[in-house]
Amino acid sequence: MGTFCSVIKFENLQELKRLCHWGPIIALGVIAICSTMAMIDSVLWYWPLHTTGGSVNFIMLINWTVMILYNYFNAMFIGPGFVPLGWKPEDSQDSMYLQYCKVCQAYKAPRSHHCRKCNRCVMKMDHHCPWINNCCGYQNHASFTLFLLLAPLGCIHAAFIFVMTMYTQLYNRLSFGWNTVKIDMSAARRDPLPVTPFGLAAFAATLFALGLALGTTIAVGMLFFIQMKIILRNKTSIESWIEEKAKDRIQYYQLDEVFVFPYDMGSRWKNLKQVFTWSGVPEGDGLSWPVREGCHPYSFTIEQLKQKADKRIRSVRYRVIEDYSGACCPLNKGIKTFFTSPCTEEPRIRLQKGEFILATRGLRYWLYGDKILDDAFVEGVSRIRGWFPRNCVEKCPCDAETDQAPEGEKKNR
């Protein structure tokens with residue numbers, strides 16, 4: 001009930017601006033089209049409300065819509081939870097294991113990361129989702145995952161109604177050649193016939209809604225399985241990436257050590273309870289987390305500090321040889337560069353010939369790094385970070401001799 005009230009009150013009215021973004025506009029538009037068309041098809045052309053089955057079907061449609069919107073708005077407006085500004089660990093000695101955020105003027109609590117879109121350090125950050133125009137993290141991870149589950153289920157129900165509506169309305173008009181198929185059409189027969197005929201416009205609208213429903217089922221269903229996979233291991237998407245980088249670091253330097261993810265409780269049920277609870281409030285305070293037996297309480301943040309230092313060592317200095325406007329999909333940089341543009345909201349860096357870039361990771365045709373604005377690169381002081389095409393830069397001779405490569409580049413060779 002407390003969660004519902006927080007959605008209704010909108011304690012911070014500025015949160016309403018989150019709706020003015022292409023992500024929520026498209027998501028809510030798809031929900032509105034599929035739900036509206038499913039209800040119209042059910043009432044007018046498929047299953048009449050005066051039958052028991054028709055009434056149950058209509059109630060289920062309303063139920064799907066309400067639950068989907070409830071969890072969607074919870075994920076958007078409740079938010080992930082942010083690390084308090086100026087936060088410090090209770091034991092001052094623990095600060096040596098934590099990174100410091102100059103923007104929030106606070107230490108980054110375990111499992112928290114700074115989001116450039118939200119401009120805050122997010123507790124247990126999973127990712128920034130453009131569809132809810134907010135981060136997915138500690139407080140809204142359960143609502144976001146439930147939305148990913150309910151949306152495909154509701155779309156499957158709607159898709160069934162769309163298919164049966166078109167079939168029943170065209171059954172006596174067109175010959176499908178299905179002579180061997182026996183389907184009982186008695187439940188869908190109307191006496192008298194519907195007042196509004198199923199015309200070409202209704203057929204086109206139903207077919208369009210069917211395409212949206214099937215596309216949403218596939219796309220959102222895949223995201224749900226990805227989320228459940230990491231939740232059952234008590235991870236986030238960022239932590240999965242950091243774990244891969246830890247293994248890559250150990251392999252790169254041929255170290256005699258094994259990285260153990262500390263937050264996996266060893267039981268899928270215990271991991272699940274870290275996100276889903278009967279009260280709807282996630283376990284813990286979002287600032288401190290239990291770790292598995294044998295792990296240091298800050299073993300994961302220590303690994304992050306190691307990777308941060310390693311990134312500076314393994315980064316490569318590039319010189320810009322061709323201007324780049326900062327376009328998301330630059331056609332003038334080649335067809336391959338155009339079609340392989342990173343699918344992310346992370347910014348692109350505008351480049352001018354003669355500038356220098358410090359690349360930290362890369363894809364086959366794109367690199368990610370920081371533009372060097374000063375003679376000496378100082379992290380967090382004079383920095384513009386983002387993606388840029390690989391064919392616009394070349395390695396500086398001093399870095400080319402060391403044969404170093406951005407993270408991920410070696411795997412693409």
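**Thr301**

I looked up Thr301 in this predicted model and found that it counts as buried, because its relative accessibility is 5% and the cut-off for buried is under 20%. Thr301 belongs to helix H8, which covers residues 299-314. Leaving aside neighbours within four places in sequence, I noted contacts of Thr301 with Tyr97, Leu98 and Pro110. For Tyr97 I also noted a distance of 3.0 Å between its backbone oxygen and a polar atom of the Thr301 side chain.

**H3 and H4**

I then turned to helix H3 (residues 52-78) and helix H4 (residues 141-170), whose axes come within 9 Å and cross at roughly 150°. The crossing of H3 and H4 is left-handed. On the H3 side the contact includes Trp64, Asn71 and Tyr72, and on the H4 side it includes Phe144, Gly154 and His157. I recorded 14 nonpolar and six polar residues in the contact of H3 with H4, and no charged ones.

**H2 and H5**

Last, I followed helix H2 (residues 22-46) against helix H5 (residues 200-231), where the axes come within 9 Å and cross at roughly 130°. I therefore wrote H2 and H5 down as oblique to each other. Their crossing is left-handed. Residues of H2 that meet H5 include Cys34, Met37, Asp41 and Trp45, while among those of H5 are Thr206, Phe208 and Thr216. The residues of the contact of H2 with H5 divide into eleven nonpolar, two polar and one charged.

Terms used. Residues numbered from 1 in each chain as written. Predicted model: local features only at pLDDT ≥ 70, side-chain atom pairs only at ≥ 80, totals over all residues. Heavy atoms only, no water. Axes fitted to C-alpha atoms, helices over the stretch in contact; angles between N-to-C directions. Helix = DSSP H or I, 4+ residues; strand = E, 2+ residues; numbered from the N terminus. Left-handed = near helix turned anticlockwise from the far one by under 90°. Contact = heavy atoms within 4.5 Å. Nonpolar A, V, L, I, M, F, W, Y, C, P; charged D, E, K, R; others polar. Buried < 20%, exposed > 50% of the residue type's maximum accessible area, 1.4 Å probe, protein only. Polar contact = N/O pair within 3.5 Å; in protein donor to acceptor, adjacent residues only side chain to side chain. Parallel < 35°, antiparallel > 145°, perpendicular 65-115°, else oblique.
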